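The sequence and structure are shown first, and the description follows.

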Amino acid sequence: MPVDSRPESRPALSRRERQVLAHVAAGLSHKQVASRLGISVHTVSTYLRRIRSKRTAPTVAHLIHLSLVEGVVTASNP
């Protein structure tokens with residue numbers, strides 16, 4: 001299956017998961033993401049764990065790729 005096709009049976013990312021993903025894709029650390037979103041570092045880790053349970057993204061590089069595929073960020077507008 002191509003990486004950009006998303007069967008309807010796969011759970012969608014929540015608004016907050018998309019926000020965390022966008023910040024991580026922009027190169028922010030967990031601490032910086034937490035500060036910007038007003039949440040704890042532990043909560044950032046929880047959101048990333050949830051994202052990884054919904055999609056295959058074992059590394060930060062995979063998360064960045066996922067953010068592009070999901071339309072969370074674009075190559076010209078991170």
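## Surroundings of helix 1

Helix 1 packs through its buried residues against helix 2 (30-37), helix 3 (41-54) and helix 4 (60-69). The model described here is predicted. Helix 1 itself covers residues 15-25, and its buried positions are E17, V20, L21, A22, V24 and A25.

An α-helix has 3.6 residues a turn, so residues three or four places apart point the same way. Just after helix 1, G27 adopts a positive phi of about 95 degrees.

## The contact of helix 1 with helix 4

Two packed helices are described by the angle between their axes and the distance between the axes. For helix 1 and helix 4, the axes come within 9 Å and cross at roughly 115 degrees. The crossing of these two helices is left-handed.

From helix 1, the residues L21, V24 and A25 take part, and they meet V60, L63, I64, L66 and S67 of helix 4. By type, the residues of this contact comprise seven nonpolar, one polar and no charged.

## The position of S67

Apart from neighbours within four places in sequence, S67 is in contact with L21, A25, V72 and V73. Of these residues, L21 and A25 are among the buried residues of helix 1.

How values were computed:
Residues are numbered from 1 along each chain as its sequence is written. This is a predicted model: local features need pLDDT of at least 70, side-chain atom pairs count only at pLDDT 80 or more; totals for chains, interfaces and linings use all residues. Side-chain values use heavy atoms; hydrogens and water are left out. Buried means under 20% relative accessible area, exposed over 50%, partly exposed in between (1.4 Å probe, protein chains only). Helices (H or I, at least four residues) and strands (E, at least two) are DSSP runs, numbered from the N terminus. Contact means heavy atoms within 4.5 Å. Axes are lines fitted to C-alpha atoms, for helices over the stretch in contact, and angles run from 0 to 180 degrees between N-to-C directions. A crossing is left-handed if the near helix is turned anticlockwise from the far one by less than a right angle, and right-handed if clockwise. Ala, Val, Leu, Ile, Met, Phe, Trp, Tyr, Cys and Pro count as nonpolar, Asp, Glu, Lys and Arg as charged, and the others, Gly among them, as polar.
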